[in-house]
Amino acid sequence: MSESLVPAGKGAAILEAAKIGAALGSPPGVVPKAYADAMAEALEALPPDLLALAGKRARTTLRFPPRPAEVVALVSDELALRRRVKVQADYALFKAEREPPPAARPSPAKARSVAALVAGAVNRPPREPLTDDDLHAQRAAVLAECHAAGLTARTA
């Protein structure tokens, strides 16, 4: 895992949740211990610097006790950017590892034989274009085959 995405851990999250609780209190009708536990559980997945930033933003911008998800949402853009950068770096590494080796150059004999084949295809005289009679004859032959096989427009 990337160093910038390593979680801060339970201890740092409890400390930050306590700071938020001390500054903003807990919502009315909620047991403070349960609120602190829920806040710590939500915050423990954040990296240390984002954990501190989330706590600072919560204490300085919010006026009411936030829900745990609201505190995490304060740094969700930064966390998403780090995850995206990690995915892009992992994909680039994967792509670099799977890069096929450079193609070997063909032998001179093989190159000459391919050149002769290409020249034969390019220098071939053009075929005569099909006439209306040829097209009608081909259509009649296909229809005859279909009727012989018992295929009609309704059974096809």
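How far apart are the mean positions of the positive and negative charges of the chain? I looked this up first. The mean positions of the 21 positive and 17 negative charges lie 4 Å apart. For this I counted Lys and Arg as positive and Asp and Glu as negative, leaving out His and the chain ends. I placed each charge at NZ of Lys, CZ of Arg, CG of Asp or CD of Glu.

Notes on the model. I am working with a predicted model, in which local features need pLDDT of at least 70 and side-chain atom pairs count only at pLDDT 80 or more, while totals for chains, interfaces and linings use all residues. Residues are numbered from 1 along each chain as its sequence is written, and side-chain values use heavy atoms, with hydrogens and water left out.

Entry on the whole chain. I find 7 helices and 0 strands (DSSP runs numbered from the N terminus: H or I of at least four residues for helices, E of at least two for strands). The radius of gyration is 36 Å, well over the 15 Å that the globule rule gives for 156 residues, so the chain is more spread out than a compact globule. That radius is taken over C-alpha atoms, and the rule is 2.2 Å times the number of residues to the power 0.38. Along the principal axes, the C-alpha atoms fill a box of roughly 95 × 60 × 25 Å.

Entry on surface. The chain exposes about 12,000 Å², with carbon and sulfur atoms supplying 62% of it (Shrake-Rupley method, 1.4 Å probe; for residues, only the protein chains shown count as cover). Of the 156 residues, 14% are buried; buried means under 20% relative accessible area, exposed over 50%, and partly exposed in between (1.4 Å probe, protein chains only).

Beyond four places in sequence, the contacts (heavy atoms within 4.5 Å) of Val71 include Ile20, Met39 and Leu43.

Entry on Glu16. I find Glu16 in helix α1 (residues 10–24). Glu16 counts as buried because its relative accessibility is 7%. Beyond four places in sequence, Glu16 is in contact with Leu43, Leu51, Ala52, Gly55, Lys56 and Arg59.

Entry on two later residues. Ala109, in helix α6 (residues 108–122), is partly exposed at 47%. Its C-alpha atom is 28 Å from that of Glu99, 10 residues apart along the chain. Glu145, in helix α7 (residues 132–148), counts as exposed at 59%. The C-alpha atoms of Glu145 and Ala34 are separated by 81 Å.
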